[in-house]
Amino acid sequence: MARKIAAGNWKMNGTRAALAEVEALVNAHPAPRVGVILCPPATLICAMKAIAGPIAVGGQDCHAEPSGAHTGDISAQQLCDAGASYVILGHSERRADHAETDPQVEAKAQAAWAAGLQAVICIGETETERDAGTTLAVIGEQLSASVPEGATGANTIIAYEPVWAIGTGRTPTLAQIAEVHDFLRAELAERFGADQATEFSLLYGGSVKPSNAAEIFQVANVDGALVGGASLKAADFGPIIAALESI
Ligand code: PGA
């Protein structure tokens with residue numbers, strides 16, 4: 001069975017003052033019954049890890065090389081050394097802002113595994129692609145080209161994040177989420193075998209909030225969420241964790 005996971009992506013938000021939200025979250029959820037991950041800016045990983053208790057900490061990107069002349073980049077080993085155990089890879093903002101390609105995401109995932117990190121690989125269609133009826137084709141291509149051979153439910157989490165739903169307050173219908181998540185499970189079964197496919201946590205991401213989390217978590221093949229804006233405040237992320245616990 002896939003692990004249930006509530007993951008938060010702080011993006012380029014937060015300074016040390018924001019760690020008070022993590023303290024509040026840990027106080028409210030000292031022993032969560034689902035996996036909880038927070039991915040802060042790299043500057044906060046070390047300090048967050050020190051106070052995160054049962055909450056795992058992750059990075060938001062890594063370089064494919066373990067070290068070298070890559071100014072401004074950060075390696076998977078460095079994330080691990082700072083206290084991370086996960087890393088988000090191929091987020092649509094990385095793909096858009098830094099022109100990241102599927103092969104680059106694949107190489108980063110291999111680097112993450114080599115450093116002992118679990119990869120949270122993000123895929124998702126744009127609104128134009130959805131309107132053109134190519135959602136499943138786009139998702140299928142991203143999945144096959146971004147997820148390396150050797151992926152298992154233990155080293156990789158897949159996050160379906162429709163680009164048009166990220167930070168917009170718009171979410172797909174539950175039927176649209178179900179269609180993509182069923183497709184992802186089937187594609188993983190075809191590639192890695194039916195038994196292994198059930199081990200992958202498939203997260204939905206894009207405008208998840210306390211008011212819609214419970215209904216999204218009831219969709220078949222949704223094993224949790226990757227949450228942006230609503231992961232910044234304990235008062236928002238806490239109820240999302242609770243909704244996942246109650247499934
Ligand atoms: P959002 O972001 O929850 O703010 O829409 C989700 C994400 O980008 O992971």
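The legends below describe close-up views of a predicted model. Residues are numbered from 1 along each chain as its sequence is written, and side-chain values rest on heavy atoms, with hydrogens and water left out. Local features need pLDDT of at least 70 and side-chain atom pairs count only at pLDDT 80 or more, whereas totals for chains, interfaces and linings use all residues.

**View 1. The shell of residues around the ligand.** The ligand is surrounded by 13 residues, each with a heavy atom within 4 Å of it, and the closest are K11, H91, E161, G167 and S207. By class, this shell has four nonpolar, seven polar and two charged residues; Asp, Glu, Lys and Arg count as charged, Ala, Val, Leu, Ile, Met, Phe, Trp, Tyr, Cys and Pro as nonpolar, and the others, Gly among them, as polar.

View 2. From the backbone, a polar atom of G229 is 2.9 Å from an oxygen atom of the ligand. The protein covers 94% of the 280 Å² of accessible area that the ligand has on its own (Shrake-Rupley method, 1.4 Å probe).

**View 3. Two salt bridges.** The structure holds eleven salt bridges, each a side-chain nitrogen of Lys or Arg within 4 Å of a carboxyl oxygen of Asp or Glu. One of them joins R130 to E125, with the closest N and O atoms 2.8 Å apart. R130 is buried at 17% relative accessible area, and E125 is buried at 0%, the term meaning under 20% with a 1.4 Å probe and protein chains only. E127 and R170 also meet through their side chains in a salt bridge, at 2.8 Å from N to O.

Key
Polar contact = N/O pair within 3.5 Å; in protein donor to acceptor, adjacent residues only side chain to side chain. Buried < 20%, exposed > 50% of the residue type's maximum accessible area, 1.4 Å probe, protein only.
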